[in-house]
Amino acid sequence: MTAADLAISDSPDGRRILSLSGRLDATTIRRVWAEARNAIAAAIGRPVVVDASKVDYCDGAGIALIVDLIAQRKPGDVQVANLAPRFETMLAQFDVREVERDQDPPPRRRGTVEELGAITAGVARDLYDQVAFIGESTAALGYALTHPASIRWRDVWRICERVGADALPIVALISFLLGVIIAFQSAVPMRRFGAEIFVADLIGLSMLRELAPLMTAILLAGRSGAAFAAEIGTMTVNQEVDALTTMGLDPVRFLVTPRIIAALLMTPLLTLFADLIGLAGGAITLASFSIPYVTFVHEVEGIVDYSDFMAGFVKSFVFAILIAGIGCLRGLQTTAGASAVGDAATRAVVSGIVLLVAVDGIFAVIYYVLDI
Amino acid sequence: MTAEPSTGDAAAPAIIQVRDLGVGYAGVPLLEHLEFDVRRGEIFVILGGSGSGKSTLLKAMIGLLEPLSGSVLIDGEDMVTASGDARRAILRKIGVMYQSGALFGSMTLIENVRLPLEEYTDLAASEIDLIARMKLWLVGLGLFTGHLPSEISGGMQKRAAIARAMALDPMILFLDEPSAGLDPITSAELDALIVRLSRNLGVTFVVVTHELASIFAIADRVIMLDRRTKGIAAEGDPRKLRDESKDPWVHQFFNREPEPLPA
């Protein structure tokens, strides 16, 4: 079968003749297409005939070429002649004027002001959704705590394992390294003043009050918050959440409550664990600066009191609610489409971390005012 | 529009040759020792009850599932052993419509159809655009070219998936349950489109379906898979099988008869 070709001629009566020949398919017609268009453009005011008598084969791309040539002029100016009946049938399926024009163009791009307004409205709507969700979750949690039998405990234990036990290695690693790094970075300059013993005070206070709860919460936001969003998001896309609703089951009670309870049980425990491992990291590092373990413990005991410990521990409960709540909310907000679940997980992590840091700041102010 | 069955040429050479094919999962065979040919230009339908391995067989034929044994020759080239450029050359000859549509969710319909044209041809953007738009008009979606898959119905997604499968005008089109989820009118139009493409362009179709109306409207030849024997229960013209087959299961299938209740 021959490649596509084009012969251009002019008949005595003034018509321009474009003779197509060979095989017209997507891989052969590029050159012919451009030449044929140019030939029609050059024949100003003269009728054009596309002679297809030598076309051996013409697939969808070949038909597109012929359609495009017809559409170059007003109706009737470009005639197609001698197209084999089997290809003629394919051509007859299209209304040239309709297919030539894009009937569903992309929407107009918004102006800057309009875009700004839309973003602001989106943020306001999101805040509204978050407030509404806090209300719904609190009500569901309140109901669950006053009616413990209504809680799906099997789900709670399963989620506890994933949120808590499975997160132990990463929490241990990060807390230990945090303790080691802070101790090392502080001990080197403090040594010049012979004050490296006070590094134990620094580690004790910073780990228990701030770093252990915050780092644990950020790790869980990245790990469990994203997992909650992806899991519930997939359920939303698969209409499993709709199924719950039509069964008369409240998705918040069914999906959100077990996750919040599991996070409430596990986050404080992981924070305690992070406290301990972080201190251990600091103690090991300071041992290399000739500060014995017993001295480290004695120093930490002397500077850290019960209120310091509680300042960090209380925060972990609030962080737990934020992580689980925002993860579940983003999951329930998942829209349709392949990227929707990924978007939900990303939004859960980003919003979770922003909220954690903001709430941590609020705690710092409250503790300062209350002199804790 | 009523589809008339294509008149597949019984003397046409085989474009797909399946030889001693065994397919299954985790080493457990679902189908064994399958032998059949698909002739050039015919509409070949794979039938069978739920769980009989229709879609699994289709996956093996298009190279998505490594068979447990045997070979699948497409236009003379073995799909099972081909790799690299040879495999790409075979894939260029086929188009596939998946049961779920499998459109790319982040792309509009026209972008979905444009994709294979952009990757496999050197046509200009405006030319690719026109070809893609025509494919979408062909399946009745000319007014939805700028929509995302999530913005249209399931039936429309299937039609868009067929348009994408046809983008490069392949020699063979594999359609997995094309009529499922479509209304009767759209389904009939789709059947007519399949027959028209087969007759006018000589496109070979391999269709997995159990929609009886579609089978009689389009099929030149069918094979019926039987999960009990892990093989082919019947092969031939569906109208003849319906009227003449002595096999009780084939008779039951074509006449939509339920399993008898236990005594």
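A residue counts as buried if 20 or more other C-beta atoms lie within 10 Å of its own, with C-beta atoms placed from the backbone. The legends below describe a predicted model.

**View 1. Chain A as a whole.** By that cut-off, 40% of the 372 residues of chain A are buried. The chain holds 13 helices and four strands. Its C-alpha trace spans about 110 × 60 × 45 Å along the principal axes. The radius of gyration of chain A is 35 Å, whereas a compact globule of 372 residues would have one near 21 Å. Take the contacts in chain A between residues at least 6 apart in sequence: 82% of these join residues at least 24 apart.

**View 2. Helices α5 and α10 of chain A cross.** Helix α5 of chain A covers residues 112-146, and helix α10 of chain A covers residues 251-287. Their axes come within 10 Å and cross at roughly 80 degrees. Angles of 65 to 115 degrees count as roughly perpendicular, so α5(A) and α10(A) are roughly perpendicular to each other. On the α5(A) side, the meeting residues are Glu136(A), Ser137(A), Ala140(A), Leu141(A) and Ala144(A). Across from them, α10(A) supplies Val252(A), Arg253(A), Val256(A), Thr257(A), Ile260(A) and Ile261(A). By class, this contact has seven nonpolar, two polar and two charged residues. An α-helix has 3.6 residues a turn, so residues three or four places apart point the same way.

**View 3. The contact of chain A with chain B.** Chain A puts 28 residues into the contact, and chain B puts in 27 residues. On the side of chain A that touches chain B, the elements giving two or more residues are α1 (30-42), α2 (60-71), α3 (85-92) and α4 (96-100) of chain A. Of these, α2(A) gives the most, with six residues. The side of chain A that touches chain B divides into 13 nonpolar, seven polar and eight charged residues.

**View 4. Helix α4 of chain B and its cover.** This helix runs over residues 125-138 of chain B. From first C-alpha to last, its 14 residues reach 20 Å, close to the 20 Å expected at 1.5 Å a residue. α4(B) is mostly covered, with eleven of its 14 residues buried. Among the buried residues are Ile128(B), Arg133(B), Lys135(B) and Trp137(B). Just after α4(B) comes Gly140(B), with a positive phi of about 80 degrees.

Key
Residues numbered from 1 in each chain as written. Chains lettered and ligands numbered in written order. Predicted model: local features only at pLDDT ≥ 70, side-chain atom pairs only at ≥ 80, totals over all residues. Contact = placed C-beta atoms within 7 Å. Nonpolar A, V, L, I, M, F, W, Y, C, P; charged D, E, K, R; others polar. Axes fitted to C-alpha atoms, helices over the stretch in contact; angles between N-to-C directions. Parallel < 35°, antiparallel > 145°, perpendicular 65-115°, else oblique. Expected span 1.5 Å × (residues − 1). Buried ≥ 20, exposed ≤ 12 C-beta atoms within 10 Å, placed from the backbone. Rg over C-alpha atoms; globule rule 2.2 N^0.38 Å.
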